[in-house]
Amino acid sequence: MSRSNPLQESRTARLGLVLLALAYVGLVLLIPLGAVFAEAFAEGIGAWYAAITEPDALSAIRLTLLVAAIAVPLNLVFGIAAAWAIAKHDFRGKAFLTTLIDLPFSVSPVVAGLIFILLFGGQGWFGPLLQDSGLQIIFALPGMVLATIFVTFPFIAREVIPLMEEQGKSDEEAALTLGASGWQLLWHVTLPNVRWGLLYGVLLANARAMGEFGAVSVVSGHIRGETNTMPLQVEVLYNEYNFVAAFAVASLLALLALVTLALKSYLEWRHRDVLAARGH
Amino acid sequence: MKHFSTYPALNGVSLDIGPGEFVALLGPSGSGKTTLLRIIAGLDFPDSGRIVFAGEEVTDKPAARRGIGFVFQHYALFGHMTVARNIAFGLSILPRRKRPPRHEIARRVEELLELVQLQGCGERYPAQLSGGQRQRVALARALARDPQILLLDEPFGALDTRVRRELRSALRRIHENIGLTTIFVTHDHEEAFALADRVAILSGGRIEQFDTPQGIQEAPASSFVESFVS
Ligand SMILES: Nc1ncnc2c1ncn2[C@@H]1O[C@H](COP(=O)(O)OP(=O)(O)OP(=O)(O)O)[C@@H](O)[C@H]1O
Ligand SMILES: [Mg+2]
């Protein structure tokens, strides 16, 4: 046995650790994921296809895509703005803002949903005002978008802030001395420098936006064919003992997760040189 | 040409630099060389005092509009752009009515690459260049918009002696050919004396002496200067 590495465990100990890790990953990750697909195709591909093309399921898919298509770009813009402010500028309350960005991660999604009910619900602070203007937020698309934005806000900002901080201000200062305006700095220097982190943040935020259950569940009202997103639709179907249909829709969500992971791995592989050069 | 007074890191500094002059700011670590250079560039702002370029006060003018070129110690090249696009950056971000046509920019880039002796490297990325080559690119990039004043902060600090010497003479040659005003920060007195027309010696945020290399060597203004340059 080689003694060259003082940290080297004995061979049996290493094998044991590897097996334990594999067993754990298999138990908590692979088996459940496999079970979703097994259950979804339990009555054949025809039943699976019928379940996901049924009108309520299609409506849930459409709504999920719509909510994500609104929430993710908004979080992209505001995530960049927050990261830029925090990483490149000094101002009072910066530490507070940094903590605030993490809030959605530490608050239970159900509470996040309830906050919006409290604000915009019929009995809420702005309820009467909204009623007068005929605008419906709760049990409608705007509420679901708001809840999704709240829950997914940290993903992009969190991903980008450390990257921007690490890169410091020297590239921006160089661009300044070359005559660049604030927008030109952002567009030509700052954003290109963080583009992979940004893309990664968008992927994660998107996966979470489409998969969010708790917060959206509170504000949606569960109106079939109208305010049910895919995760809510899964629950409704499951509660009706419609297991094949429930797992068929769930398999689409699982597929989304797998595609996200694959894309992320692909990005990391494509840009391994850049990442290695930065010491990640 | 430039006046300063009082800054926490700089105190009562006053320098008058003539057009076309090559000046070195020399001093030990922490003496305020970088701070002074950044104030001249407009990357930092003095609490009091004035900066005047050729009769025009620029104290409150942002760096982007001072008509300077700045070369950073650690290059600060844009890693996602090719060498050619790095050099073209200053020109390509000009507003449309002031921007030279594309072929004009390409020609200027070729000219600058030749000036810093990097012909044929335009399509490479900064990561594919050596330290000395990167610093040449940074120099070419700083010159692209024909600055009146070129500022360099220990530009050769991270390079080995041979490359340093090479770049030093390249810089002096470029300075003479273009005829710009150059201010150069270094803590190496041999480098300062070999390159500059006049040398400003800083210590603790003050200017100890501002004179020609010969003048400083013949008549050091203080015991600090004497010990620092010997
Ligand atoms: N951002 C800053 N905040 C507070 N103090 C600073 C800052 N930058 C510089 N200083 C202080 O100002 C003084 C001058 O610093 P400066 O960077 O100008 O020195 P320098 O002569 O360039 O030194 P070196 O040769 O090490 O680069 C130092 O005492 C330094 O600690
Ligand atoms: Mg310095």
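Predicted model: local features only at pLDDT ≥ 70, side-chain atom pairs only at ≥ 80, totals over all residues.

Reader: What makes B:Arg38 and A:Glu173 a salt bridge?

Author: A salt bridge requires a side-chain nitrogen of Lys or Arg within 4 Å of a carboxyl oxygen of Asp or Glu. The closest N and O atoms of B:Arg38 and A:Glu173 are 2.7 Å apart, and the pair therefore meets the definition. The count between chain A and chain B is one salt bridge.

Reader: How many residues of chain A and chain B are in contact?

Author: Contact means heavy atoms within 4.5 Å, and 16 residues of chain A are in contact with 18 residues of chain B. Together the two chains bury about 1,500 Å², with 65% of it on carbon and sulfur atoms. Buried area here is the accessible area (1.4 Å probe) that two parts lose on being put together, summed over both. On the side of chain A, the residues that lose the most area to chain B are A:Glu173, A:Thr177 and A:Leu178, together 42% of what that side buries.

Reader: Which parts of chain A are called domains?

Author: Chain A is divided into domain 1 (9-40) and domain 2 (44-275); such bounds come from an automatic or database domain assignment. Their centres, taken over C-alpha atoms, are separated by 30 Å. The area buried between these domains of chain A is about 630 Å², and carbon and sulfur atoms give 82% of it. A:Phe37, A:Glu39 and A:Ala40 supply 69% of the area that domain 1 of chain A buries against domain 2 of chain A, more than any other three residues. Across this interface of chain A the rule finds zero salt bridges.

Reader: What joins domain 1 of chain B and domain 2 of chain B in a salt bridge?

Author: Domain 1 of chain B covers 10-67 + 147-230, and domain 2 of chain B covers 79-145. The count between them is one salt bridge.

Reader: Why is B:Lys33 said to be in polar contact with ligand 1?

Author: A polar contact is a pair of N or O atoms within 3.5 Å; within protein, one must be able to donate a hydrogen and the other to accept it, and residues adjacent in sequence count only if both atoms are side-chain atoms. An oxygen atom of ligand 1 is 2.7 Å from an N or O atom in the side chain of B:Lys33, so the pair qualifies. For the side chain of B:Thr34 the corresponding distance is 2.6 Å, and a polar backbone atom of B:Gly30 is 2.8 Å from an oxygen atom of ligand 1. Taken alone, ligand 1 exposes 630 Å², of which the protein buries 45% (Shrake-Rupley method, 1.4 Å probe; for residues, only the protein chains shown count as cover).

Note on methods:
Residues numbered from 1 in each chain as written. Chains lettered and ligands numbered in written order. Heavy atoms only, no water.
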